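Good morning, and thank you for making time for this item on the agenda. I would ask you to keep the structure on the screen while I go through it.

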Amino acid sequence: MGGYGDVELIAKDGKRLDGRLADELRPITIEVGVLPAARGSCRMTWGLNIAEVAVYGPMEAHPRKIQRPDRAVLDVRYNMAPFSTSDRIRPGYNRRSREISKVTAEALESIVMVEMFPRSKIRVEIEILCAEAGTRCCGITAAAVALADAGIPMKDMLVSVAAGKINDVVVLDLDKAEDNYGQADLPVGIMPNTEEIAFLQMDGDLSPEEFDLAMEYNMKAAKEIHKLQINALKSKYDGGVE
Amino acid sequence: MNEVYSGAQERLVIPGDTIGESSDFTAGSGVIKIKNKLIATQLGHVKENNGTVYLLACNSAYMPRSGDLVIGYVTSMRGNLWMLNIGGPFEALLPMSLSPWNTQFGDLEEHMGVGDYALLRVQEVDSQHGVVCTMKGIGLRKITTGVVEMIGSNSIKLFVGSEGTNLQKIKKYTGCRITVAENGKIWIEGDEEGISKVRDISLDFSDTNNPYPNLNLKKAFENKMEEI
């Protein structure tokens, strides 16, 4: 949030800089099984964001000190490729990627049935190949699809989406300019079937009414994205059964 | 006939999908009961047997069970046991006392070292998913000849066929001795030509982007079986 409230991000006809309405998502595509070596994988494009996720395991957790006697550990690594933005990103872990990895692991732990695999580890690698605001939402949504593709037992799917505020208007799915110059950002992780919240973060300020509207937008968008997740998974496994 | 039963054969579900009401059915493998509803926990096909609804999961990990015949390779050793990778989430242990050799403490490498393959049977799986294997039993041994191929634990049923018909056909056609393990690995013994023929047949199963159960894969395999 840059907080530069004087930048015009919404035209008088209510359309945003890229022509979307306030409650409209950027175009999304989801492809399953893109990495042959991984147990489960997913490639997701969300506007100009491109994320690839690979899932390995469940496997023996190493080093042994990270093992939990009663459940599996989700080892999530979120990384932005050096070429993902116009300014080259220094390769390797940084404070932001550590934070997003932790948030993602905790969100995914609420859907993965970790108690089925004590002492083991499930590795989730999220690689952002192209970034244009909302990469954590893109990564988490793709990670849920890759986990389902890997056959990891889960209570529900997980969809992550963000709403925010620009020029005092609540909008859904902020793009780069809106993220930089907007007033607030509210990314959430939603379990689409039960409508439970797996994670919620907020940057900036929203009034209670604006917060409710943002959550309404997020909930509606989560249902739409969930349909895309279903279609992507079913298109891979569309064959019949013995 | 109710909704769950009628749609059981062809229905593909993803985690979180509601399969039906739990009043008439019990939850089997891959299904959990939440507030009187049966919820799918894995990507798979719904099946029903004697009032139990279960999932035939696509692409699930191998979970060892007591009595399973498995093929594994040694990953490390302690003074009195071998640790083996059997393709499951947990490493399996082979204690010195359950090996076919009269081994002294610390001399395990004389018989089997890191990277060696062995045909074993799962003796015990404890509540913490600790897997103990044995090599004492008919046919259980260290693998020193032939090759080991991976076809996936979900594909075993199709590969073997009803009452072993497909497996018998493949054995006859290739002239190879084939041992199918429940962790999705097969041990092929024979001449080079035979091994290459078995590899050709099992090639489709190793494609992780086209895992069984999949109609295309099943048809391709059945066509191959008709040809040979």
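I begin with the contact between the two chains, to which chain A contributes 31 residues and chain B contributes 29 residues. Please bear in mind throughout that this is a predicted model. On the side of chain A that touches chain B, the elements giving two or more residues are strand S3 (49-60), helix H2 (135-149) and helix H4 (208-236). The largest share of that side comes from S3(A), with 4 residues. Sorted by class, the side of chain A that touches chain B holds 16 nonpolar, 8 polar and 7 charged residues.

Let me now turn to chain A as a whole. Chain A has 4 helices and 10 strands, and from the N terminus their order is β-β-β-β-α-β-α-β-β-α-β-β-β-α. The C-alpha atoms of chain A occupy a box of roughly 55 × 45 × 35 Å along the principal axes. The radius of gyration of chain A is 18 Å, which agrees with the value near 18 Å for a compact globule of 242 residues. Of the 242 residues in chain A, 50% are buried. Among contacts in chain A with a separation of 6 or more, 71% link residues 24 or more positions apart.

The next topic is the open sheet. In which order do the 5 strands of this sheet in chain A stand? The order is S1-S2-S3-S5-S4, and the pairing is mixed. Strand S1 (28-32) and S4 of chain A each have a single partner strand, so each of these edge strands has one side without a neighbour in the sheet. From one strand to the next, the twist averages 15°. Within the strands, Val32(A) is placed opposite Cys42(A) of S2(A).

Helix H1 (residues 95-109) of chain A lies across two strands of the chain, S4 and S5, and runs at about 140° to S4(A). This helix has 15 residues, and the distance from its first C-alpha to its last is 21 Å, close to the 21 Å expected at 1.5 Å a residue. Which residues of H1(A) are buried? They are Ile100(A), Ser101(A), Val103(A), Thr104(A), Ala107(A) and Leu108(A). The partners against which the buried residues of H1(A) pack are strand S4 (73-80), strand S5 (120-130), H2, strand S8 (184-191) and strand S9 (196-200) of chain A.

That list brings me to S8(A), where 8 of the 8 residues are buried, so this strand is largely enclosed by the rest of the structure. On one side of S8(A), Ala184(A), Leu186(A), Val188(A) and Ile190(A) are buried, and on the other, Asp185(A), Pro187(A), Gly189(A) and Met191(A) are buried as well. With which strands does S8(A) pair? One partner is strand S6 (residues 159-166) of chain A, antiparallel over 7 bridges, with Val161(A) bridged to Val188(A). Another is S9(A), joined to S8(A) by 4 bridges in an antiparallel arrangement, with Gly189(A) opposite Phe199(A). Strand S10 (residues 203-204) of chain A also pairs with S8(A) in the antiparallel sense, over 2 bridges, and here Asp185(A) has Asp203(A) as its bridge partner. The hairpin of S8(A) and S9(A) has 4 residues between the strands, and in it Glu195(A) takes a positive phi near 60°.

I close with some backbone details. Most residues other than glycine have a negative phi, and most peptide bonds are trans. Gly57(A) and Pro58(A) are joined by a cis peptide bond with omega about 5°, and Pro58(A) belongs to strand S3 of chain A. A cis peptide bond also joins His62(A) and Pro63(A), with omega about 0°; Pro63(A) is in the loop between S3 and S4 of chain A.

In chain B, Lys35(B) has a positive phi of about 50° and sits in the loop between strand S4 (31-34) and strand S5 (37-40). Asn59(B) has a positive phi near 60° and is placed in the loop between strand S7 (52-57) and strand S8 (69-77) of chain B. Is each of these residues buried or exposed? Lys35(B) counts as exposed, because it has 7 C-beta neighbours inside 10 Å, whereas Asn59(B) counts as buried, with 26 such neighbours inside 10 Å.

Key:
Residues are numbered from 1 along each chain as its sequence is written. Chains are lettered from A and ligands numbered from 1 in the order in which they are written. This is a predicted model: local features need pLDDT of at least 70, side-chain atom pairs count only at pLDDT 80 or more; totals for chains, interfaces and linings use all residues. The radius of gyration is taken over C-alpha atoms; the globule rule is 2.2 Å times the number of residues to the power 0.38. A residue is buried if 20 or more other C-beta atoms lie within 10 Å of its own, exposed if 12 or fewer, and partly exposed in between; C-beta atoms are placed from the backbone. Two residues are in contact if their C-beta atoms, placed from the backbone, lie within 7 Å. Ala, Val, Leu, Ile, Met, Phe, Trp, Tyr, Cys and Pro count as nonpolar, Asp, Glu, Lys and Arg as charged, and the others, Gly among them, as polar. The expected span of a helix is 1.5 Å times one less than its number of residues. Two strands pair if DSSP finds at least two bridges between them. Axes are lines fitted to C-alpha atoms, for helices over the stretch in contact, and angles run from 0 to 180 degrees between N-to-C directions.
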